[in-house]
Amino acid sequence: MRFLLRRLAFYLVAFWVAITLNFFIPRAMPGSAVDAVLAKFPQLQPAARKALEATLGTGDQGSLWSQYLTYLNHLFHLDFGASLSNYPTPVTSIVANGVYWTIGLVGVATVIAFIVGTGLGILAGWRAGGKLDRSLPGMMFLQATPYFFLALLLIQVFGITLHVFPVAGAYDGINYTPGWTWPYIANVADHAFLPALTIVVTSVAGWMLQMRNVMVTTIGEDYVMAAQAKGLSDRRVVYTYAARNALLPQLQGFGLAIGFVISGALVMEIVFSYPGIGYLLLNAAASKDTPLMQAIFLLITVAVLVANLLVDIVLVFIDPRVRAREVAR
Amino acid sequence: MRALARLWRRLPGTAKAGVVLLGVFLLIAIIGPEVTPDNPSVTTPLQAAAPSGAHLFGTTQTGQDVLSQFLVGVRLTLELAFWVGVIATALAVIVGVTAAYAGGLVDEFLSLLTNVFLVIPALPLLIVLLGFLNGTSAGQGQLPVIFVLSLLGWPWGARVIRAQALSIRSRDFIAATRETGERGWRIIGFDVIPNMVSLIAASFVNTVLYAVGASVALAFIGLTDPNQWSLGTMLYWAQLGNALQIGAWWWYVPPGLAVALLGTALVLLNTGIDELSNPRLRDARSATKIASRRVWTTDPTPVLGALDGHGRLAGLARSFSRKSLIDGAAADTGNAEKAGKLT
């Protein structure tokens, strides 16, 4: 319990650092950067202009401390203001529209990549030096391939040359209306296929490599050898003795990876014009829509922190060693 | 020279491949821009032409020579990655060593800072930062990107370096040096850091890998100066010029492939170092098989011995592994802290 409280305190500090960074970034920018934002929106209504100046910290805003307090106050009421490029839609509703496309696509793709990669890693680690294991350098090439480059290739082959899959957007808005109907869902799946494939192909190798390395180390442990000496079946030794223990660091990586997959997917979403968080963030950055930019950054940070906290909680429950370390402390 | 030759022989095949591949890129980066056939920015009427004798890599939609852009781009990308590697690793050493050496409140604070920056997602933060700078006078050239990437690239290294410095600090020879009245900064500069050279090198390779990936991604989405020819901006212009729709594969395949190969080279190098230092991984391919089961001779230096922060070789071996740069530190910080408190 003390362990979890300490972790919770840590994530709260991290969250505070993130929101404070968010506050100071525009204020630490050289004047020309701030002017560029203001110059981008000359036609804003007075109220919006005042809000923008408050975000950027220019104009007559009172002391830094009072600005900070106002900022925190807005934050706790989830008031991020209105989006500048889509004035006057509130930022929160724009973000809410993007969130589930990202969660649906990236979430599913990450889980698939994790399961496939871990499974392959178990096999490669068990039969180290075998056929699967020797394919690792190829896998590393896939892992080192930038998401968006693979995405470009897939679009070229499947979208433009073969015309098998659509290459942009999340669904066909002309022929389908959103709703829980089969044609619509099939259309969404059709659009999600290539982006999901991109994520899975480029991230499977990382999971596989890590799992394989932990497996190789775990298989050398005495208890695995003892299990083999007892004459247990290979299957049992691999899955209940070796893989189960090798899975723990993998799980820890899973929590951290959620953050990195969202980051990687940012760029992927841009290539496919997929209307998720990444696409929104890039459009916000390109049009210097500062309120939207800041809200998305905070949202991603919160998601990553919560994912990490959840993994910590899960680890305490399934790994006795974590608990034991706490007792020893 | 002899030592280098011996090291080369001991390197696993994968690492050798990584070194060779990296060497090729370095060569391109060094002599490439001197031998470009054309000025990469000059437009010609020959638009989107397929590779030919006159233009080995073809031309872009505005008739620019792709090969020239590529040769210049490799240097620019490597240059940027190199400087980010140098600056971020220097920051990591400063933070990590200071935390380990000062101990107490300073350590608590610096460790907290490191962990916080480790958990805050970097790419979105980079996009926000460059989103402000992009398109203004302050956002021109490579410098802002190098600055921003370095600023966010140090925590990975700092964490492992701190753990390693903690274990070195508790060794007898440091205590002896202190007894002879050496000053703190001399001990750090002449005794602690020289003992971590290999670890610092490993974290440098990792930082370069991060810098290549992040800078290319940021350039591709158009957040860096688009007038500089790097591998990322090549891809940016290719996407903008509808290279896909007009089927100009020669425009975007060379830079994309180069990034993938460069990344592979760095990953291979890292895995090689991993195998060099972790006997179990190294011997996995040569384990004896008895009745189709893999059997190892008992390992004289248990790999897990590294976890308790004693034992130089084991500790070094572990800190080398790529995993420890990612999440291993999470597993053993508890122990490292304990080791630090014992002193």
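Modeller: The model we are looking at is predicted.

Biologist: Which residues of chain B does A:Phe148 touch, leaving aside residues up to four places away in sequence?

Modeller: Let's take its contacts by chain. In chain A, A:Phe148 touches A:Val267, A:Met268 and A:Val271. In chain B, A:Phe148 touches B:Ala217 and B:Phe220.

Biologist: Back to H3(B): at what angle do H3(B) and helix H4 (residues 104-119) of chain B pack?

Modeller: Two packed helices are described by the angle between their axes and the distance between the axes. For H3(B) and H4(B), the axes are 7 Å apart. The angle is about 145°.

Biologist: How many nonpolar residues does the contact of H3(B) with H4(B) have?

Modeller: On the H3(B) side, B:Val95 and B:Ala99 are among the residues that meet H4(B), where B:Val106 and B:Leu110 are among the partners. By class, this contact has 1 charged and 4 polar residues, while the nonpolar ones number 6.

Biologist: Which element of chain A has the lowest mean pLDDT?

Modeller: Chain A as a whole has a mean pLDDT of 80. Among its elements, helix H10 (residues 222-229) has the highest mean, 86. The lowest, 66, belongs to helix H14 (residues 320-328) of chain A.

Notes. Residues are numbered from 1 along each chain as its sequence is written. Chains are lettered from A and ligands numbered from 1 in the order in which they are written. This is a predicted model: local features need pLDDT of at least 70, side-chain atom pairs count only at pLDDT 80 or more; totals for chains, interfaces and linings use all residues. Two residues are in contact if their C-beta atoms, placed from the backbone, lie within 7 Å. pLDDT is the predictor's confidence in each residue, from 0 to 100. Helices (H or I, at least four residues) and strands (E, at least two) are DSSP runs, numbered from the N terminus. Axes are lines fitted to C-alpha atoms, for helices over the stretch in contact, and angles run from 0 to 180 degrees between N-to-C directions. Ala, Val, Leu, Ile, Met, Phe, Trp, Tyr, Cys and Pro count as nonpolar, Asp, Glu, Lys and Arg as charged, and the others, Gly among them, as polar.
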